[in-house]
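Let's take a friendly walk through this structure together.

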Amino acid sequence: MSAPIIKIDGISKSFGTFKVLDGLSMQVMPGEKLALIGPSGSGKTTILRILMTLERIDSGHIQVDGEQLYHMERNGRLLTADERHLAKMRQKIGMVFQLFNLFPHKCVIDNVTLAPMLTKAMPRAAAEKRAMELLDMVGMVDKAKAMPAQLSGGQKQRVAIARALALSPKIMLFDEVTSALDPELVDEVLNVMRKLAAETDMTMLLVTHEMGFAHDFADRVLFFDRGRIVEEGKPDEIFRHPKQERTQGFLKKIIAAGHRV
Amino acid sequence: MEWDWDFVRQILPTLIQGVKITILATLLGSVLAAIVGLGIALARRSPNRALSRTIGFLAEFIRGTPLLVQLYFIFYVLPDFGVLLPPLVAGVIGLGLHYGTYTAEVYRAGIDNVPRGQWEAAKACNLNATQTWTHIIMPQAIPPMIPALANYFIAMFKETPLLSAITVLELMNQAKSVANTYYRYIEPITLVGAFFLAISLFSVVLLRWLEHRYGRIER
């Protein structure tokens, strides 16, 4: 058995007086597809944001790919990570956002080539070749020269996935990537993610309200409530036979709201 | 007193010299104000509290005092401290600093208007702070604020006659000197008004075009 690629050890995080994460620990194995579900405010998105270094932790430790994320080992001592260390760690992780966050002043292909050219000094020709491969994978080759404003939500999100993949991360974080989409556009994004899961051995963490997709896609499901993992297990166990009362209650509400399970 | 076209023809070359200086002072002052404003806006966002507070206080101070007083200070008081500046240089610095405190607010609004998601996407793309500012934030922040900046530059243009107080030979000063030489005020001062009006009207057309061109950014 190999070592976990993400090892979260007793992290806590508060926003003001609101404790989002409370001594949370969890592990993710390389290549694992993990779905994080739970009511809003339960801390699942915060975990992704912490892994992407968009939020700092108040206490605890995180190891990513064998290295401390927020700490550096220097002469056997653990120091708070500096910007250089964080930049190195960010290379391992890519993130796709709920609101796409494409760069609106750059065309589709420039959105994808920007980071490799700037952060890896990749020559334009190589970056564009790679970008076209990625755009092909997400089915957006014919829109390579389009501006983001000309795209539908689903198309924007597919470009955002290609952009995150351009830095060849080992771990991909998907933060409610279909929540802002019109219902008829959800599937085109989910299909890209299925393809990505089938064609690569990337580790994928997914915060979602699409329970049906989480069921098919994930190897393991974590149910969050109030900053803690209440229940975890194989999708079938969680969705068909939830043991905890809070999980049952949550799933009941979600189904009542019209989500497929 | 009658309007004398011959007199107009006689003084026109002198006034045009003045117009040139007025335009030059406006252009240089605008460039300086654009740079100073950006500097102030960035300093005020600095995590270094001492820096952001100090710059914030200085900007409030400059904005809260009249440009004329500042021009006097730069041109007549600074020499007491060994800083002796040519009139035009002193005038451009005065205009640039004074209007820089206004353009700083334009920059602040422009930068604040870039959604937080853009900062986060830049970070997820592993861009460093400089790359984030130059490739992501400023290219989105600047176009919508071009009309507001241009507005300040037109306002600055109309305040350049203040430079006559520190002996800059701009349009107003040239007009005053020919008027005082010939004891005729109607032609020189009317021409000053006409020049300013003509350039302002042209600027307004330019401003409308800028608003049309840059006023909105599609997301």
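**Two helices to begin with**

In chain B, helix 5 (residues 116-124) packs against helix 6 (residues 129-159) at an angle of about 160 degrees, and their axes are 11 Å apart. Angles over 145 degrees count as roughly antiparallel, and helix 5 of chain B and helix 6 of chain B are therefore roughly antiparallel to each other. Keep in mind as you look that this is a predicted model.

The crossing of helix 5 of chain B with helix 6 of chain B is right-handed. To find where they meet, pick out Gln118(B), Trp119(B) and Ala122(B) on helix 5 of chain B, and Thr132(B), Ile136(B), Ile137(B) and Gln140(B) on helix 6 of chain B. Sorted by class, this contact of helix 5 of chain B with helix 6 of chain B has four nonpolar and three polar residues, with no charged ones.

Now step back to take in chain B. Along the principal axes, the C-alpha atoms of chain B fill a box of roughly 70 × 45 × 25 Å. Chain B has 219 residues, and 35% of them count as buried. Look next at contacts in chain B between residues at least 6 apart in sequence: 76% of these join residues at least 24 apart.

Another pair of helices in chain B is worth a visit. Helix 2 (residues 49-63) of chain B packs with helix 4 (residues 87-112) of chain B at an angle of about 115 degrees, and their axes are 9 Å apart. The crossing of helix 2 of chain B and helix 4 of chain B is left-handed. From helix 2 of chain B come Ala59(B), Ile62(B) and Arg63(B), which meet Leu97(B), His98(B), Thr101(B), Tyr102(B) and Ala104(B) in helix 4 of chain B. By class, the contact of helix 2 of chain B with helix 4 of chain B has five nonpolar residues, two polar and one charged.

Stay on helix 4 of chain B for a moment, where you will find Leu95(B). Is Leu95(B) buried or exposed? A residue is buried if 20 or more other C-beta atoms lie within 10 Å of its own. Leu95(B) has 27 other C-beta atoms within 10 Å, so Leu95(B) is buried. Leaving aside neighbours within four places in sequence, Leu95(B) is in contact with Ala25(B), Gly29(B), Ala33(B) and Met156(B). The C-alpha atoms of Leu95(B) and Asp80(B) are separated by 21 Å, and these residues are 15 apart along the chain.

Next come the nonpolar cores. The largest one has 80 residues, and Leu36(A), Ala162(A), Leu173(A) and Leu206(A) have the most contacts inside it. Apart from neighbours within four places in sequence, Leu206(A) is in contact with Leu34(A), Ala35(A), Leu36(A), Phe174(A), Ala214(A), Phe217(A) and Ala218(A). A second, separate core has 34 residues, including Ala33(B), Ala59(B), Leu95(B) and Leu162(B).

Finally, see where the two chains touch. Here 21 residues of chain A are in contact with 18 residues of chain B. On the side of chain A that touches chain B, helix 2 (83-90), strand 8 (93-96) and helix 3 (108-119) of chain A each supply at least two residues. The largest share, four residues, comes from helix 3 of chain A. By class, this side of chain A has 14 nonpolar, six polar and one charged residues.

Methods
Residues are numbered from 1 along each chain as its sequence is written. Chains are lettered from A and ligands numbered from 1 in the order in which they are written. This is a predicted model: local features need pLDDT of at least 70, side-chain atom pairs count only at pLDDT 80 or more; totals for chains, interfaces and linings use all residues. Axes are lines fitted to C-alpha atoms, for helices over the stretch in contact, and angles run from 0 to 180 degrees between N-to-C directions. A crossing is left-handed if the near helix is turned anticlockwise from the far one by less than a right angle, and right-handed if clockwise. Two residues are in contact if their C-beta atoms, placed from the backbone, lie within 7 Å. Ala, Val, Leu, Ile, Met, Phe, Trp, Tyr, Cys and Pro count as nonpolar, Asp, Glu, Lys and Arg as charged, and the others, Gly among them, as polar. A nonpolar core is a set of buried Ala, Val, Leu, Ile, Met, Phe, Trp, Tyr and Cys residues joined through C-beta atoms within 7 Å. A residue is buried if 20 or more other C-beta atoms lie within 10 Å of its own, exposed if 12 or fewer, and partly exposed in between; C-beta atoms are placed from the backbone. Angles under 35 degrees count as roughly parallel, over 145 as roughly antiparallel, 65 to 115 as roughly perpendicular and the rest as oblique.
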